[in-house]
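Please open the model in your viewer and keep the sequence panel at hand. The stops below are meant to be taken in order.

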Amino acid sequence: MEHLSETAAFADDVWTTPQVASFLGISRQAINKRVRSRKMLGYAGDGVTLFPVWQFDTETHTIHPEVPEFLAAFDEDIEPAAIALWAITKVAGFDRTPVE
């Protein structure tokens with residue numbers, strides 16, 4: 001996911017639903033639909049839904065096109081927070097994270 005490397009420096013940064021809604025210019029319902037259909041990664045935080053910033057293209061105000069394919073690689077029973085954590089964990093021997 002070469003295109004995601006530009007935001008990988010902010011891999012542990014997260015946004016909340018209002019921030020994502022403002023950034024993408026869509027409703028909370030549209031965000032929920034994208035999360036349910038695995039087009040965007042969101043997971044429960046402390047009373048809020050959190051969205052890893054690395055999945056967003058800050059220049060075009062869109063979700064990186066690789067994100068749905070990336071999410072599809074995981075079984076649906078894997079917790080989204082675990083996917084988010086794995087995505088920013090350096091891979092031994094490569095000195096890179098999966099999103100890089």
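The tour goes from a sheet to aromatic pairs and then to a histidine.

This is a predicted model, in which local features need pLDDT of at least 70 and side-chain atom pairs count only at pLDDT 80 or more, while totals for chains, interfaces and linings use all residues. Residues are numbered from 1 along each chain as its sequence is written, and side-chain values use heavy atoms, with hydrogens and water left out.

**Stop 1**

Select residues 14–16, 43–44 and 49–52, which are strands S1 and S2 and strand S3. Strands here are DSSP runs of E with at least two residues, and helices are runs of H or I with at least four, numbered from the N terminus. The 3 strands make an open antiparallel sheet, ordered S1-S3-S2. S1 and S2 are the edge strands; each has a single partner strand, so one side of each lacks a neighbour in the sheet. Two strands pair if DSSP finds at least two bridges between them; S1 and S3 are joined antiparallel by 3 bridges. Within that pairing, select threonine 16 and its bridge partner in S3, leucine 50.

**Stop 2: phenylalanine 23 and phenylalanine 56**

The whole structure holds 7 aromatic pairs. Such a pair joins rings of Phe, Tyr or Trp (its six-membered ring) with centres within 6.5 Å; planes under 30 degrees apart are stacked, over 60 edge-to-face, and the rest tilted. Select phenylalanine 23 and phenylalanine 56: their ring centres are 5.6 Å apart and their planes at 65°, so the pair is edge-to-face. Phenylalanine 23 belongs to helix H1 (residues 17–24) and phenylalanine 56 to strand S4 (residues 56–57), so the contact ties together parts 33 residues apart in sequence. Buried means under 20% relative accessible area, exposed over 50%, and partly exposed in between (1.4 Å probe, protein chains only). Phenylalanine 23 is buried at 12%, and phenylalanine 56 is buried at 0%.

**Stop 3: phenylalanine 74 and tryptophan 86**

Next, select phenylalanine 74 and tryptophan 86, an edge-to-face pair with 5.5 Å between centres and 75° between planes. Phenylalanine 74 sits in the loop between helix H3 (67–72) and helix H4 (80–87), and tryptophan 86 in helix H4. Phenylalanine 74 is buried at 17%, whereas tryptophan 86 is partly exposed at 43%.

**Stop 4: histidine 64**

Finally, select histidine 64, in the loop between strand S5 (62–63) and H3. Histidine 64 is buried, at 4% relative accessible area. A polar atom of its side chain lies 3.2 Å from the backbone oxygen of phenylalanine 56.

Note on methods. A polar contact is a pair of N or O atoms within 3.5 Å; within protein, one must be able to donate a hydrogen and the other to accept it, and residues adjacent in sequence count only if both atoms are side-chain atoms.
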